Amino acid sequence: MRFLPGVLLAACASFACAQTPPPPAPAPALDSPALDSPEVMRAKAGIDYLRSLVARGVAPRAQLERAEAALADAEDDALLRRTIYGSGLTEGQADDMLAAAARRVDRRLKAFEDGQKLVTAGIAAQNSLNPLREDLDSARKESELAELRARYTRELTQMARAEELLELQLAHEPQSAAELADRFEGDGVFNLAELSGVEQAFEKHFGKALPVSAMGETALHRSLGFDHRGRVDVAVHPDQPEGRWLLEYLTGKHIPYFAFRQAVPGKATGAHVHIGPMSARIKLGG
Ligand SMILES: [Zn+2]
């Protein structure tokens, strides 16, 4: 949020602004995808006001452009906070997150290069570059985090797609569904309360937590039209020791599962163990 005070300052650095406060920010629409933070809303109202001053010729256009760039940066910052550190991303949100992180790196790279020009021209001191370099480094680190998060989202999407494919096969070609996943019906039911027993046994055996990748319903499953409530996905390959142990444990407890080796035949992605009955397709309009 380093740039946000700049947004307000740039928007209000005018004698007219000092005399007449900007109008209050309008309330965001309830159906907007993400509500603005109060800071962003205030900055937007300030920019609207500054825009009217520029239109009347009482404020310079460059001032408006600086304020708009700072606001865009603050919005990207807010988006990254919601996505990098939030839970349950869809693929589209992951793409938006990567784009916002890339724009923040670009802005800081440009600021650093502009600073270097001033130093080269003898207008600014060498140490004036330090904060610009720190900003650039932190934007690059943020971008790496966004990449990791996006990669994780892609893996989760592959797992959900594998389930989507299986659900289609079960409906239309049940005899070939076995090629996609091993199925164990157990006693046909799985209660989420049973999960803690699975987690404890796994941790006791492997000395690490069960890598649950989807607990019940997620935004990703909803976006693919799946009702994943009461189901759990575990990010283990069925043929690796953790996966083999898990399948054996579930079988012993009569807990139903589907063991996926890959999302698409021939592609080594999307492997996981789905605990519980297969997801139902969300009924549209009902
Ligand atoms: Zn699942």
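Modeller: Happy to! Let me start with a term: two strands are said to pair if DSSP finds at least two bridges between them. With that in hand, look at strand 5 (residues 257-260) and strand 6 (residues 272-275), which run antiparallel and are joined by four bridges. One of the residues involved is Tyr257, whose bridge partner in strand 6 is Ile275.

Now widen the view from this pair. The open sheet is made of five strands, placed in the order 1-5-6-4-2, and their pairing is antiparallel. Strands of a sheet pair through backbone hydrogen bonds, either parallel or antiparallel. At the edges stand strand 1 (181-184) and strand 2 (212-215); each has a single partner strand, so one side of each is left without a neighbour in the sheet. From one strand to the next, the twist averages 15°.

The sheet also has a helix against it. Helix 9 packs there, touching strand 1, strand 4 (232-234), strand 5 and strand 6. The direction of helix 9 makes about 20° with that of strand 6.

How far can you trust what you see? This is a predicted model, and the mean pLDDT of the chain is 84, with 84% of its residues at 70 or more. Helix 9 (residues 241-252) is where confidence is highest, at a mean of 97, while helix 2 (residues 15-19) has the lowest, at 39. Please read residues 1-33 with care: the pLDDT is below 50 over that stretch, although it has 48 contacts in the model beyond near neighbours in sequence.

The axes of helix 4 (residues 61-84) and helix 6 (residues 129-172) come within 11 Å and cross at roughly 40°. That angle makes helix 4 oblique to helix 6, and the crossing is left-handed. In this contact, Leu80, Thr83 and Ile84 of helix 4 meet Glu142, Leu145, Ala146 and Arg149 of helix 6. By type, the residues of this contact are four nonpolar, one polar and two charged.

Helix 4 also packs with helix 5 (residues 91-120), at an angle of about 135° and with their axes 9 Å apart. These two helices are therefore oblique to each other, and their crossing is left-handed. Among the residues that meet here are Asp73, Asp76 and Leu79 in helix 4, and Arg103, Arg104 and Arg107 in helix 5. The contact of helix 4 with helix 5 divides into six nonpolar, two polar and six charged residues.

How values were computed
Residues numbered from 1 in each chain as written. Predicted model: local features only at pLDDT ≥ 70, side-chain atom pairs only at ≥ 80, totals over all residues. Axes fitted to C-alpha atoms, helices over the stretch in contact; angles between N-to-C directions. Parallel < 35°, antiparallel > 145°, perpendicular 65-115°, else oblique. Left-handed = near helix turned anticlockwise from the far one by under 90°. Contact = placed C-beta atoms within 7 Å. Nonpolar A, V, L, I, M, F, W, Y, C, P; charged D, E, K, R; others polar. pLDDT = per-residue confidence, 0-100.
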